[in-house]
Amino acid sequence: MAPPLRPLARLRPPGMLLRALLLLLLLSPLPGVWCFSELSFVKEPQDVTVTRKDPVVLDCQAHGEVPIKVTWLKNGAKVSENKRIEVLSNGSLYISEVEGRRGEQSDEGFYQCLAMNKYGAILSQKAHLALSRIGNT
């Protein structure tokens with residue numbers, strides 16, 4: 001009668017299988033499967049007070065795997081770009097002439113930037129854009 005077969009795992013030193021698996025993961029040709037890229041803010045918008053008709057930039061710069069899409073919110077609603085309002089290539093919001101007269105659309109409010117990539121999204125802190133009462137007639 002032939003001797004019973006022994007499992008291969010018993011022939012290897014303890015921990016050898018675990019080391020082989022770790023080596024396989026490290027040398028894997030599929031880097032996207034084993035890595036994760038989080039988004040984080042490099043710059044977030046800050047509270048600012050400006051005079052009507054002045055330009056202003058609200059900073060927003062995110063770090064993470066590209067492409068990163070930045071969208072701006074004012075009081076929780078999406079900001080639409082127009083001839084006065086533009087999202088810069090670094091993600092910051094540029095307003096060429098701040099508006100705030102009675103009877104006109106006011107830029108005053110709370111702004112946040114939303115940064116998104118294929119891994120998820122992050123929302124910045126709120127920044128209050130206030131209008132100076134000096135020269136605001």
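Which residue does a disulfide join to Cys60? The partner is Cys113. The legends below show this link and other close-up views of a predicted model.

**View 1. A disulfide joins Cys60 to Cys113.**
The structure holds one disulfide. The S to S distance between Cys60 and Cys113 is 2.1 Å. Cys60 sits in the loop between S3 and S4, and Cys113 sits in strand S9, so the link ties together parts that are 53 residues apart in sequence. The link of Cys60 and Cys113 is right-handed, with 80 degrees about the S-S bond. Are these two cysteines buried or exposed? Both Cys60 and Cys113 are buried.

**View 2. Lys53 and Glu97 form a salt bridge.**
Side chains of opposite charge can pair when their charged atoms come close. The structure holds four salt bridges. One of them pairs the side chains of Lys53 and Glu97, at 3.7 Å from N to O. Lys53 belongs to the loop between strand S2 (48–50) and strand S3 (56–58), while Glu97 belongs to the loop between strand S8 (93–95) and strand S9 (109–117); the pair therefore ties together parts that are 44 residues apart in sequence. Lys53 is partly exposed, at 39% relative accessibility. Glu97 is also partly exposed, with a relative accessible area of 35%.

**View 3. Lys53 also forms a salt bridge with Glu99.**
Here the N to O distance is 2.9 Å. Glu99 is in the loop between S8 and S9 and Lys53 in the loop between S2 and S3, so this pair ties together parts that are 46 residues apart in sequence. Glu99 is buried, because its relative accessible area is 8% and buried means under 20%. Which residues do salt bridges with shared partners join into one network? They are Lys53, Glu97 and Glu99.

**View 4. Glu65 and Lys118 meet in a salt bridge.**
The side chains of Glu65 and Lys118 are 3.2 Å apart, N to O. The pair links distant parts of the chain, 53 residues apart. Glu65 lies in the loop between strand S4 (61–63) and strand S5 (69–74). Lys118 lies in the loop between S9 and strand S10 (120–123). Glu65 is partly exposed, at 27% relative accessibility. Lys118 is exposed, with a relative accessible area of 66%.

**View 5. Arg84 makes polar contacts with Glu97 and Asp107.**
Arg84 is placed in the loop between strand S6 (77–78) and strand S7 (85–87). Is Arg84 buried or exposed? Arg84 counts as buried, at 16% relative accessibility. A polar atom of the Arg84 side chain lies 2.6 Å from the backbone oxygen of Glu97. The side chains of Arg84 and Asp107 are joined by a polar contact of 2.7 Å. Not counting residues up to four places away in sequence, Arg84 touches Tyr94, Ile95, Ser96, Glu97, Val98, Glu99 and Asp107.

**View 6. The largest nonpolar core has 17 residues.**
Which residues have the most contacts inside this core? They are Trp72, Leu93, Ile95 and Tyr111. At least two core residues come from each of S3, S5, S8, S9 and strand S11 (127–131). S9 gives the most, with three residues. Leaving aside neighbours within four places in sequence, Tyr111 is in contact with residues including Leu58, Trp72, Leu73, Val79, Leu93 and Ile95. Among its other contacts are Pro45, Lys74, Gln125, Lys126, Ala127 and Leu129.

**View 7. Strand S11 pairs with S2 and with S9.**
Why is S11 largely enclosed by the rest of the structure? Four of its five residues are buried. S2 and S11 pair in the parallel sense, over three bridges. S9 and S11 pair in the antiparallel sense, also over three bridges. Leu129 in S11 is the bridge partner of Val48. Leu129 is likewise the bridge partner of Gly109. Leu129 is also among the contacts of Tyr111.

Terms used:
Residues are numbered from 1 along each chain as its sequence is written. This is a predicted model: local features need pLDDT of at least 70, side-chain atom pairs count only at pLDDT 80 or more; totals for chains, interfaces and linings use all residues. Side-chain values use heavy atoms; hydrogens and water are left out. Buried means under 20% relative accessible area, exposed over 50%, partly exposed in between (1.4 Å probe, protein chains only). A disulfide is a pair of cysteine sulfur atoms within 2.5 Å. A polar contact is a pair of N or O atoms within 3.5 Å; within protein, one must be able to donate a hydrogen and the other to accept it, and residues adjacent in sequence count only if both atoms are side-chain atoms. Contact means heavy atoms within 4.5 Å. A nonpolar core is a set of buried Ala, Val, Leu, Ile, Met, Phe, Trp, Tyr and Cys residues joined through side-chain atoms within 4.5 Å. Two strands pair if DSSP finds at least two bridges between them.
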